[in-house]
Amino acid sequence: MKSAVEQLSTYKSVHLNPTNIKTHFVGVPLIIWSAFVMLNTIPISFLKLDDPTLVLNVAGVFAIGVLIYYARLHLKLAVGLALFILPVLYTSYLVSQMEPAWLIAVSVFVIGWVFQLIGHKYENAKPAFVDDLNQLLIGPFFLMAELYFMLGLEKGLDKTITPLAITKRRAIEASKKSA
């Protein structure tokens with residue numbers, strides 16, 4: 001498994017423009033929330049719970065799995081992501097119970113991606129997941145890291161990944177020129 005430093009520096013290498021980062025602070029949460037609405041509509045039928053207030057579905061299982069992955073990468077960032085994901089799970093579950101849940105989810109999903117694509121126009125770089133699908137999971141992790149950095153937390157991590165990201169970006173730019 002690639003380290004948090006490696007994953008974050010790769011992601012940041014195509015997310016250095018402040019406007020792009022701002023659009024991601026809107027787009028990524030919208031995409032995550034809409035995906036969780038869709039995942040909440042898929043029950044796990046092989047396991048029945050006696051308590052009707054407890055619902056087991058793909059969204060909950062996915063959230064647990066992703067949070068374990070984030071915790072293995074960086075425990076402190078995973079705590080922030082857990083605090084983010086809990087209200088996402090709850091609100092997306094509520095919306096998943098509505099009749100137009102899929103229409104709402106798809107609409108919000110598209111809006112989220114519009115923000116992402118606008119940001120990448122400012123960045124003048126393709127999204128990180130184009131070369132590595134795992135980077136789809138790193139987007140929220142990156143934004144949590146950026147939030148921590150803005151709050152003055154994890155300064156050492158910031159000082160480590162930013163120069164690496166700049167070096168990686170220069171390599172990307174050089175390969176564009178030589179192609």
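Contact here means heavy atoms within 4.5 Å. Keep that in mind, please. We are looking at a predicted model.

Let's start with helix H5. Which residues of H5 are buried? They are Ala 101, Ala 105, Val 108, Gly 112, Gln 116, Gly 119, His 120 and Glu 123. What covers them? The cover includes H2, H4 and helix H7, which runs 155-178.

Now a quick check on H5's length. H5 has 23 residues, and at 1.5 Å a residue they should span 33 Å. The end C-alpha atoms of H5 are 33 Å apart, so the two values agree. Just after H5 comes Asn 124, with a positive phi of about 60°.

Next, the core. The largest nonpolar core has 39 residues. Leu 8, Phe 36, Tyr 70, Leu 77, Ile 138 and Phe 141 have the most contacts inside it. Helices H1, H2, H3, H4, H5, H6 and H7 each give two or more residues to this core. Take Leu 8. Leaving out residues up to four places away in sequence, Leu 8 touches Leu 77, Ile 138, Phe 141, Phe 142, Ala 145, Leu 157 and Ile 161.

The largest pocket holds about 510 Å³. Its lining has 30 residues, and Ile 31, Ile 32, Leu 136, Leu 137 and Pro 140 lie nearest the centre. Helices H2, H3, H4, H5 and H6 each give two or more residues to that lining. Which helix gives the largest share? H2 does, with seven residues.

How values were computed: Residues are numbered from 1 along each chain as its sequence is written. This is a predicted model: local features need pLDDT of at least 70, side-chain atom pairs count only at pLDDT 80 or more; totals for chains, interfaces and linings use all residues. Side-chain values use heavy atoms; hydrogens and water are left out. On a 1 Å grid over the protein atoms alone, a cavity is a set of points where a 1.4 Å probe fits but cannot get out, and a pocket is an open set with protein on both sides within 12 Å along at least five of seven lines; lining residues have an atom within 4 Å of a point. Grid points are joined across faces, edges and corners, and a volume is the space filled by probe spheres set on the points. Helices (H or I, at least four residues) and strands (E, at least two) are DSSP runs, numbered from the N terminus. The expected span of a helix is 1.5 Å times one less than its number of residues. Buried means under 20% relative accessible area, exposed over 50%, partly exposed in between (1.4 Å probe, protein chains only). A nonpolar core is a set of buried Ala, Val, Leu, Ile, Met, Phe, Trp, Tyr and Cys residues joined through side-chain atoms within 4.5 Å.
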